[in-house]
Each structure stands twice: as structure tokens, then as C-alpha cells.
Amino acid sequence: MSENVNDHGAADITTVSADAPQMQPLAKNPKGVEKAISALLLIGIAAFVGFGVCYWQNAAYWTYGALLGLGLLAMGAAFIAWGKYLLPRGPFVEERHVLASTETERSAFAAALMERGAGEIKRRKVLGTLLGGSLGVFSIVALFPLVRSLGPLPGDKLAVTDWKKGQRLVDINGNPVNITDMAVGGVLTVYPHGLENTDDGQAIDQTILIRVQNEPFTTMKGRESWTPSGYVAYSKLCTHLGCPVGLYEQQLELLVCPCHQSMFNVRNGALPQFGPAPRPLPQLPLAVDSEGFLIAAGGYNQPVGPGYWERP
Amino acid sequence: MTAVLKPRTKRQAKEAAGPYGKVGDAVAELDERLGIAKGGRTFLDKIFPDHWSFMLGEIALYSFVILLITGIFLTLYFVPSQGLVKVPMNFPYKPLRGDTVSQAFMSTINMSFNVRCGLLMRQMHHWACDIFVGSIVVHMARVFFTGAFRKPRETNWLVGTTLLILAIANGFLGYSLPDDLVSGTGIRIADSIMLSVPVVGSYLSYFVFGGNFPGQVVIARFFVIHVLLVPLIILGLVGAHLALLVRQKHTQFPGKGRTERNVVGSPMFPVFIFKTQGFLFMTFGVTALLGAFAQINPIWQFGQYIPSNISYAVQPDWYMGFLDGLLRIFPAWQWNAWGHTIPFEVTFPAVIFPGIVFNIAMAWPILERKFFGGDNEIHHLLDRPRDVPKRTAFGVAFFALLATLFVASSTDVLANYFHVSLNTVLWTMRVLTIVIPLVAYPVTYKICLELQGGGTAMGKRKRPNDVVRTAEGEYVATQAPVRPGDAHHELDATPVPTFIAAAAVLSEGEAMAETSDESNGARVVDR
């Protein structure tokens, strides 16, 4: 092959006899293959017609899906059989052209880049510096609209919830929870009163209320009064990845996160018993108001949910 | 070239086109304006080597075509909004009647129940995505184990790896759009993963969600990224991938008449076109059958995403499995100091580990050159995996690690299924994750060495070994002679004919070819 071929790789003019073995089909019996291919194409046509009819008649979706699939498979098989058995069997060959240029061409290209471009910038040092500076400043300020506009700054908002002292615990329908409402072993997802249908109430304030027993108990030192009548409330956000800790294993008194199977012991301050969660679920101090409804005796004393850099 | 610049009458052009009628005429007209004849024919004559494993990339390409077609259909019915609507009381699926749901969810169930062909298109789209990512991975494995990524194809390896990352990312984004309970939980986990990035995590989360999770903008943003931004980049990179393939030509396995300087196989036109077109329809057909018979992501059963609700025994799409698996089995290591927290139990499995995986993948051509005995030569002939035991062993260990983590993403299901405690499954998977790759490497290495001793012929038929005891008592395995009728006859490769001549005029044709003037590289056929 000549070395000075262009990008397209100029092919030589070649002539091959129609009788050459490479020009013959692979099929020993081309007529038979033709029949098989016609059968496939007829199946394809029939299936496509069936697809149209089923669609028109609004049949179940899987009927026309099946016919579409069948038609496409038949047509595909026909194409492949035609290409494999009826067209010239080959093999054919073409040369690979060396992609690399000559040494002279390379140095000429490198010289053009360096002498006309980089060299010019080097010669005019001040202009070069200013050019670099302007590109740098531009790239930084371009980030303002492209990134900064996307959302507010987090500040300390990730660390706070809406729970306040005296706030009633309500279920998803806004009903407050009376001290007599739940039996031992019962669980209920609760929200701060008035926020049960808001994004933040749902996503951040969600709390799981469990009646562990009938009498108050102590989950941890300093939390002696947090469990009136055996009710205990923990943040429902898993400390691993923020999934709702929605499963309660009544016999073992464990809260289980269905996402990655972290388990929290409800009797000793939701200490992680198993799984990848690194911290206990924060506990919400509870109290009972004058009408016998459960209220928060305060907010959470630490951020809820998964860990993040600014978390103290 | 100068000859064609002279204006011609239509009749003259027709005469010049000769016996090829209207096609000849059209070629003449186009060639006078664009000079397409020579390049066009070279393109039609382009040789594609034949091997079944070379079609894996085609599956990826064609499933991407299905994704585009079905995806455009879906955009016509999907409403990317988290605004709330009520499911009408005459909705075909009774359990959802009267529920308050987002417009994203409503429009998705609406296209599944009320738009004719809608459910089929949705299921085909989802299946095509799983096939897309899967075929990319298998195609990549083929390229890896046969050494097709070696010089000069490192750039295309990089493009391909980037395509895999984009495909996975877009798969996740698309899966998130219907705003159902399962995908919403997935977005929540993604948010927590963003939060786990040291220093910038909370900013990252706030900028993606426009404030606190879940906010009101995430579906709309994911939608635009999913249907516009990422597909455009994928389309551009697929173009670059194919352009590089054409420019550098396909690799081939060693075999009869195949050298580093040639390509042996089928010509683009018509053999390859026919086969690949057939393959396109086959891929379409399989996807259509999956869409028709294999239910996927029935979101009406999951219901609308409500942040405080959760489902059980749910796994992400298969290509996210290895991340989920590592998140499950990684120890609960979180560090807290100087008023800051590093949630390493999330940062490592979900940020650092995939970073390592994809960086190793991208840098492999360099890594092999530096640490695995690779060279810096140009290679067009492929390796048999057994002949490069270090690379093969590393690849098997790498995939074994990812496969083990994939299995680990179903710890709860495994515990249920085998009636063992979750703790047993957890510790088994932890041990296996470390042990399996460590065992896979030497075992694969040894198998490669053993196989090297076996048959060396690249023919299609296997030949048995005759084991002979020599006079010294040594046992030697030699390849048995080819049995009659078993020999694989491959013809000598011939150039693609410019003109197919009947035997009688062949000598004349040869004479014609010889008159072509090659002195200045531009060939002018004197007719």
C-alpha cells in the first residue's frame, strides 16, 4: 500500500470474478433458505397486521406487545439469515492504514502550535498574564448563576426540626393522640400539630411513637420523665441514610430500617443494635397535656437524620 | 479531480453514470457537488470482522435507540411537576381512586392505564435501560479481556467508560421521575449520600433540591437532566465512539490471513448492514416481548411517595446493586471531631468506592502498562484472555468483587429465603467480599496458565488431546488429528470487488485496474 493515503483511505479498483468462491453464498441450498426467509417475512407481516388490529381494538397491552415483538424478531431473523446465508460469504479483506504521520509532518504541526500560539503568549508576558486572569475571573463568576442560583444556603437549617415544647403529636390526618389511644406494642407515625401535610413535617419532623408498656421507663440517664405511660418517641429518620425507620419488631422491641436493616433498641435510647447506622435515633421528650393528649416536652436535642459535615 | 468541475448537461451526466440508471445519475450529481464517490465507496467497502462478541456493543447502541424512541413517546404524556392532584373516581385502578398524588405520579399512572400502548412503551423503556447498561458492561468486559483497549484505542476506552457512568446516572434519574414510594426513597438515599460528602455536602444537597429535601423542584430538575442534558452528552459521545471506531478500524482475533496490517471480515455493504439491521430488529423484538410479558416497576402498587412511608424488601435497579450492597455491609464508622462529622459509613461505600471503581476502569490502559506487564505498541490483533493471565485474573477478581457486593444488596431477602439470621448473612457477605476477589485472582491466573497448554488453534472446532506415555515415563498431551469432516475450512480473504465481473471479462477488468494512475495518490480511471 502506498503511504500517502488520505483520510478516506483510497481503495484500489479491484475486480473479482462472480465465480470466485468468496462471492458464493454460504447456503448449500439457497432456494431452501429463500423459502425460510419468505416464511419469516410473512410471519412478520402477519404479526404487524395483528399488532395494528389489536391496537385498533384496544386489546390488552400484552397482546399487541407480543405481536410487535414477534414481528420484529421474525423480521430481524430474516435480515440476518439473508446476510449470513445468501450474500457473498467472503471473507473479505482490507488494509489497515498507518494513522501516524511522518516525523516532518509532526514537527511542522508542533511548530505551528508553539511558534504561532504559545510562543506569542510567552513573548508578551503581560498580555498573557492578563488573558489568563480574565479567563480565570470569568470562570469563577460564571459559577454564580450556574450554581449559586440553584438553592438557598443551608445555614444551620439541617440541624433543626419544627418540634417545640407543648406541641401536640398528631397522626397523618391531624388527629391528636390521647394517652388512652394506643395499646402496648402499638406504633404510630406522628408529626407536629399543623405540619402533618407539609414537606418539612413529612420529611424532617416525622417521628415514630411506640407504646412500649403501661408505665413510664428510662431509656437513658437524664431522660427519666420522657416516657409518660410507657410512650416513647424517636425521630423516624434513620441515622444511616435517612430512610423512615418504619418496621417495629414487637417481640424484640426493635425498630428496623427496611432500607439497610439497621436495628435500634427502643428501650435503651434507640441505640443501634445491628447494621450500618452509626448513631442512636434522637429521642423526643414527651409529656401529657391537661386534656390527656400527648405533647412534646421540648424539641430534639440533636440534629435528626443522617450525618453531614457541619453536624456537631 | 479537475475533470468533474466542468459543468455537464443532464444527458452527459446520465451517460457518464453508465449502466447504473437513476442511482448512477444521483451519484454523478452528488459527486459533482460533494465529491462523495471515492469516500462513499471506501465506506461501503469497509470491513467489519465477524465474531459473536463484537455484537455486544451493537446491543448497547440499539437499546439506546429504543430508549430514544420510547422516551420521546413518554415525554408527550409525562408531567414533571410535584404539584398535587386528586386521582379521579373513575380511574381504572380502584385502590388509587380519590388519592392525592403529584402530577408526576398521576401522569405516569395515567399513561400506564389510559394511554393506548402507554404501558408497553413504559415497560419497554425501563427494560431497554436495564439492557443498555447491561450490554455496556458486557461489551466492556469483552473489550477488557481481549485487550481491545490497548494502544491506539485508549481514547475510545475512556469514551466508553464515560458512557457507562452516564448511562447509570441517567438510569437513576429516570427511575426517580414517577415520584412513587420506591423511587422517592431512592432520592432520599441519594440526598443522604450527597450530605455525606465532607465540607460541601450540605451545599450540594441544598442546591440539588432547592432547599430541604424533598422540596418542590427535584422532579422538574431531574426531568430536564434526564431527557435533555444527559441524552445529548450520550448522543455526542456515542458519535465520538463510532467515529473513533471507523477511524481506527475494528480489532480482530488472530486467524487465517489476519495480521496487524489488515482487517478480515464482511463488507459494510451489504453484508454487515443486513446482519446488523437484523440485529437491530431482534433487540427491538426482545425488548417488546419483555415489555409485553415481564412487568417492571408497577408504581401503582407502590403508591405516591410520602416521605414518612416506606416499603420493604426493595432493591434498586440492578446496576446500583453493588453500591447498595456495600452500604449494607460496611461497618458503622462515623467520626466526629472539632464540631464536624464525617459519615464515613456512607462516604466510603457510596462516594469513595464508586470513585475508585470507575477510576481504575478509566485508568486501566495506563495501569496495565505500568503494573501488569503491558507494552506501548500498537495492537490490532486481540488477545485470548488465557494468554494474558495477569490482566484476566485482575478482571475476574474485579468483577467478582462487584458481583459479591451485588449479592450483598439483598441481605434481607437472603436471610428470609434461607431462614438464617440477618447477622449470619451480614458476616458471610463481609467475609466473602474480601475473600472471593483474593481467591479469584490466583485461581484465574492458574486456570489461564493451564489453558495455555491446551489447544492453540483458533479454529471453530475443538480437537481432543491424545495423551501419550513416552519411553521415559512422561505423559504428554498432543492434539489429535482433525477428524474427517471436522476441519474448519476458511477461504482466503479477498478484497471487496469494485466490479463483479463474469469470468469471461475478468482479464479485461484486470487490464482496466492496471491503468489507474497511482503516481500522485489520486487515482484516475481511464475509461
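**Exercise 1. How many residue pairs are in polar contact between chain A and chain B, both at pLDDT 80 or more?** Describe the interface around them.

Solution. 
- The model is a predicted one.
- Between chain A and chain B the count is 34 residue pairs in polar contact, both at pLDDT 80 or more.
- The elements that give two or more residues to the side of chain A touching chain B are β1 (15-17), α1 (30-56), α2 (61-86), β2 (92-95), β4 (187-192) and α5 (199-203) of chain A.
- The largest share of that side, 18 residues, comes from α2(A).
- By residue class, the side of chain A that touches chain B divides into 54 nonpolar, 28 polar and 17 charged residues.
- The number of salt bridges between chain A and chain B is zero.

**Exercise 2. State how much area chain A and chain B bury between them, and which residues of chain A lose the most.**

Solution. 
- The size of an interface is often given as the accessible area lost when the parts come together.
- Here chain A and chain B bury about 9400 Å² between them, with 65% of it on carbon and sulfur atoms.
- In chain A, the residues losing the most area to chain B are A:Phe92, A:Arg96 and A:Trp309, together 11% of what that side buries.
- The contact draws 99 residues from chain A and 113 residues from chain B.
- A:Phe92 also has a bridge partner in β9(B), namely B:Thr494.
- The strands concerned, β2(A) and β9 (residues 494-495) of chain B, pair in the parallel sense over two bridges.

**Exercise 3. Is B:Gln252 buried or exposed?** Give its surroundings.

Solution. 
- B:Gln252 lies in the loop between α10 (218-248) and β4 (262-267) of chain B.
- Its relative accessibility is 1%; buried means under 20%, so B:Gln252 counts as buried.
- The side chain of B:Gln252 reaches the backbone nitrogen of B:Val264 at 2.8 Å.
- Leaving aside neighbours within four places in sequence, B:Gln252 is in contact with residues including A:Arg96, B:Pro49, B:Phe54, B:His380 and B:Leu382.
- A:Arg96 is one of the residues of chain A that lose the most area to chain B.

**Exercise 4. Which residues does A:Leu26 touch, not counting residues up to four places away in sequence?**

Solution. 
- A:Leu26 is in the loop between β1 and α1 of chain A.
- The residues touched by A:Leu26, with those up to four places away in sequence not counted, are A:Lys84, A:Tyr85, A:Leu87 and A:Arg89.
- For A:Leu26 and A:Tyr85, the separation is 59 residues in sequence and 4.8 Å in space, C-alpha to C-alpha.
- A:Leu26 has a relative accessible area of 35% and is therefore partly exposed.

Notes:
Residues numbered from 1 in each chain as written. Chains lettered and ligands numbered in written order. Predicted model: local features only at pLDDT ≥ 70, side-chain atom pairs only at ≥ 80, totals over all residues. Heavy atoms only, no water. Contact = heavy atoms within 4.5 Å. Buried area = accessible area lost by both parts, 1.4 Å probe. Salt bridge = Lys/Arg side-chain N within 4 Å of Asp/Glu carboxyl O. Polar contact = N/O pair within 3.5 Å; in protein donor to acceptor, adjacent residues only side chain to side chain. Helix = DSSP H or I, 4+ residues; strand = E, 2+ residues; numbered from the N terminus. Nonpolar A, V, L, I, M, F, W, Y, C, P; charged D, E, K, R; others polar. Pairing = 2+ DSSP bridges. Buried < 20%, exposed > 50% of the residue type's maximum accessible area, 1.4 Å probe, protein only.
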